[in-house]
Amino acid sequence: MKKQLKSIVVLGAAAVMALASVMTASAEVASEGTQYKLPSTEIVYDGDTYDDWHYYDVEGAELYVTFTREGTADWNGWDKEQGAYLYNEDGYEWRYAYVTLNDTYTRAWWALDVENSSDWESVSEYGIEAGGVSHLYNFKVVKDGVEYPKCKLIGGAYDVNDYWMEDCMFVLVPVGYDGDITYSIYGGKLENEESVRNDDAKCTFLISGDGSSLNQQQAAVPVWKEDSTGWKLENPDGSYVMNAWYQSPESGLWYYLGGDGYMLTNTTTPDGYQVNGEGVWIQ
């Protein structure tokens, strides 16, 4: 089953393209209208005026997110009627979702996952543009054996209001498309003095489909589990990965699981390689 992942990083009041991954966590589908708390990386400003501002990251901030199917912000012409719907195509329809972040000064990532999608082509760097709507990607999906090449993704626009921010996600797919479309928010963390996406702080909203591909994805790969001792990788059959290297299917990073099943950190592995504080092989 081929799936495509596109990611965007949200930096408070700015959206920047990114394709960052760390550990793969098990998918948990969020309910509409329910608020979820994720760990994130806070942006702290110093200086009294804008010209004096310097920002630095502080690990451990809390990010509150809520998914909805209708926007609550004043989108100033960026809503689905005046924005995404300008791209009507015969035989296609829009699916959409919004997420509210209750603190505009925390750092988070979002990602779109469309089942059986392919041939993603980047079109625009910044998403929806005021006064001249622009979409991010063209892609295609297969429905009932027929290829639909005019699918489009619009996303990354946001509306900021004091202490919360609302992001939008629009995807144009064939009429009646029943494949999984998901919209995920990830918290951030500091790694090697840089803010990176934390896949273990993930909240996923199912826009369409029944979640079958999410379930298959969970069953096919080991799942990271954390306890008071550290991180372990649980196999689908309930056993744990031991005395072995594991490569994350998303990030390509390598981790070593010891004889007790726990991920090694800040040490040398039995076969002579170094891993850092996050358990990642230092190449």
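1. Cys151 has a relative accessibility of 0% and therefore counts as buried. Cys203, at 4% relative accessibility, is likewise classed as buried, because the cut-off for that class is under 20%. No disulfides are found in a search of the whole structure.

2. The model under review is a predicted one. Its chain has a mean pLDDT of 76, with 70% of the residues at 70 or more.

3. The largest nonpolar core comprises 40 residues, and Leu112, Val114 and Phe139 have the most contacts inside it. At least two residues of this core come from each of β5 (54-68), β6 (92-101), β7 (106-115), β9 (137-143), β10 (146-161), β11 (164-174), β12 (181-191) and β13 (194-208). In soluble globular proteins, nonpolar side chains tend to be buried together.

4. Gly261 lies in the loop between β17 (254-257) and β18 (267-268). With a relative accessible area of 0%, Gly261 falls under the 20% cut-off and so is buried.

5. Which residues does Gly261 touch, not counting those up to four places away in sequence? They are Trp231, Lys232, Leu233, Val241 and Met242. For Lys232, 29 residues from Gly261 along the chain, the separation of the two C-alpha atoms is 5.7 Å.

Notes. Residues numbered from 1 in each chain as written. Predicted model: local features only at pLDDT ≥ 70, side-chain atom pairs only at ≥ 80, totals over all residues. Heavy atoms only, no water. pLDDT = per-residue confidence, 0-100. Disulfide = S-S within 2.5 Å. Buried < 20%, exposed > 50% of the residue type's maximum accessible area, 1.4 Å probe, protein only. Core = buried A, V, L, I, M, F, W, Y, C linked by side-chain atoms within 4.5 Å. Helix = DSSP H or I, 4+ residues; strand = E, 2+ residues; numbered from the N terminus. Contact = heavy atoms within 4.5 Å.
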